[in-house]
Amino acid sequence: MRIEINRPLDMHLHLRDGAMLKLAAPHSAKDFAGAVVMPNLVPPVNSAEAMSAYRSRILDAAGTHAKNFAPLMTIFLQKQTPEELLAFKNTPGFFAMKLYPAGATTNSDGGVRDFGEAEPTLRAMEELGIPLLVHGESNGFVMDRETEFLPVYRDLAVRFPELKICMEHISTAAALPLLDEFENLFATVTLHHLLFTLDDLAGGLLAPHLFCKPIVKRPEDREALRAAVFGGNDKIMFGSDSAPHPVSQKESAAAPGGIYSAPVLLPALTELFARNGALEKLNGFLGGNARKIYGLPETTQKIALEDTPQSVPARYCAEDGETCVVPMLAGKEIAWSVCE
Ligand code: NCD
Ligand code: ZN
């Protein structure tokens, strides 16, 4: 069997920098029309200059795939003034502001400590029509981090009714009702939260390459996310949260969160949707919904997949030969492949 989908969008992606960027960028740029690129570098991408320079490095790293790939750039939200926000808006490639609660995840130390202090920036974004992407976890919890954070989304949605607010990679059943409750709330969902539960991460041997934030949850959470996505909820967008870390760090006594899913996303998503009789919902989830929500241009480009199995490499290494990363589903078989 062969299917054709619109060239998709990944609405939440970590591309890193340096050798890792060179390794990761082609994996996304090959299959995707565009991706919302996270700003959590060290130092964070927090100015128009840093954003433009990073965008150039991304396009450079994407190589021959760059012509079909649009990096949708984000800037790390601090206390930017309306003038600064306007300058961002007028800089090519700018897409949205990303809010990190300070210390919540990898490289988020410079984030917002108190939401009150971000109020003038959020108000100005609302006026300028700049979307707000929120990293939806508070610090210090594991299972209930996201649930703890839901009142913050509520509060933001009520206080800034004209602001488009995206709950970045929701992972629990408890987050879903908010989408019905508030017109201005949207969400991204990853592939790994649709595939895995805590049992896959730590039910048997500990699987560090499945450790991410938010952590994969209970079976009932996965079922609720599946029902929403396969049911075609048009406020939910695909955001991979693909987040490569060197294998040396992942396989250590202090493993950082992040799953490197970029190389397997399209075939594995197609397999999952096909198994669940939901192939007709793939286009919406993989870009149609996002294009409508944010008014992004439609694409005329297609990408084809066929049900030819492939095995996933054990690891990918950068040109420097030292930076290696283990992809999601390493060593496993996927029932579909992208037609080259
Ligand atoms: C991300 C990373 O490594 O940058 N890690 C993760 O577990 N998802 C950061 C993030 O989005 O939380
Ligand atoms: Zn992320």
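The model is predicted, with local features taken only at pLDDT of at least 70 and side-chain atom pairs only at pLDDT 80 or more, while totals for chains, interfaces and linings use all residues. Residues are numbered from 1 along each chain as its sequence is written, chains are lettered from A and ligands numbered from 1 in the order in which they are written, and side-chain values use heavy atoms, leaving out hydrogens and water.

Start with the ligand. Around ligand 1 sit 15 residues, with Arg 16, Thr 105, Lys 213, Asp 241 and His 245 coming nearest (near means a heavy atom within 4 Å). That shell splits into 2 nonpolar, 10 polar and 3 charged residues; here Ala, Val, Leu, Ile, Met, Phe, Trp, Tyr, Cys and Pro count as nonpolar, Asp, Glu, Lys and Arg as charged, and the others, Gly among them, as polar. A polar side-chain atom of Asp 241 is 2.7 Å from a nitrogen atom of ligand 1, and one of His 14 is 3.0 Å from a ligand oxygen atom. Gly 258 uses a backbone N or O atom instead, 3.1 Å from an oxygen atom of ligand 1. On its own ligand 1 exposes 310 Å², and the protein buries 100% of that (Shrake-Rupley, 1.4 Å probe).

Now for the spaces themselves, found on a 1 Å grid over the protein atoms alone: in a cavity a 1.4 Å probe fits but cannot get out, a pocket is an open set with protein on both sides within 12 Å along at least five of seven lines, and lining residues have an atom within 4 Å of a point. There are 2 cavities of 30 Å³ or more, volumes being the space filled by probe spheres set on the points. Ligand 1 takes up the largest cavity (more than half of its atoms lie within 2 Å of the grid points), which holds about 120 Å³. Among its 15 lining residues, His 14, Thr 105, Asp 241, Ala 243 and Gly 257 lie nearest the centre.

The second largest cavity holds about 40 Å³, and its lining of 6 nonpolar, 3 polar and 1 charged residues includes His 209, Ala 243, His 245 and Gly 258.

The largest pocket holds about 240 Å³. Its lining has 6 nonpolar, 1 polar and 4 charged residues, with the largest share, 4 residues, coming from α11 (helices are DSSP runs of H or I, at least four residues, and strands runs of E, at least two).

Methods
Polar contact = N/O pair within 3.5 Å; in protein donor to acceptor, adjacent residues only side chain to side chain.
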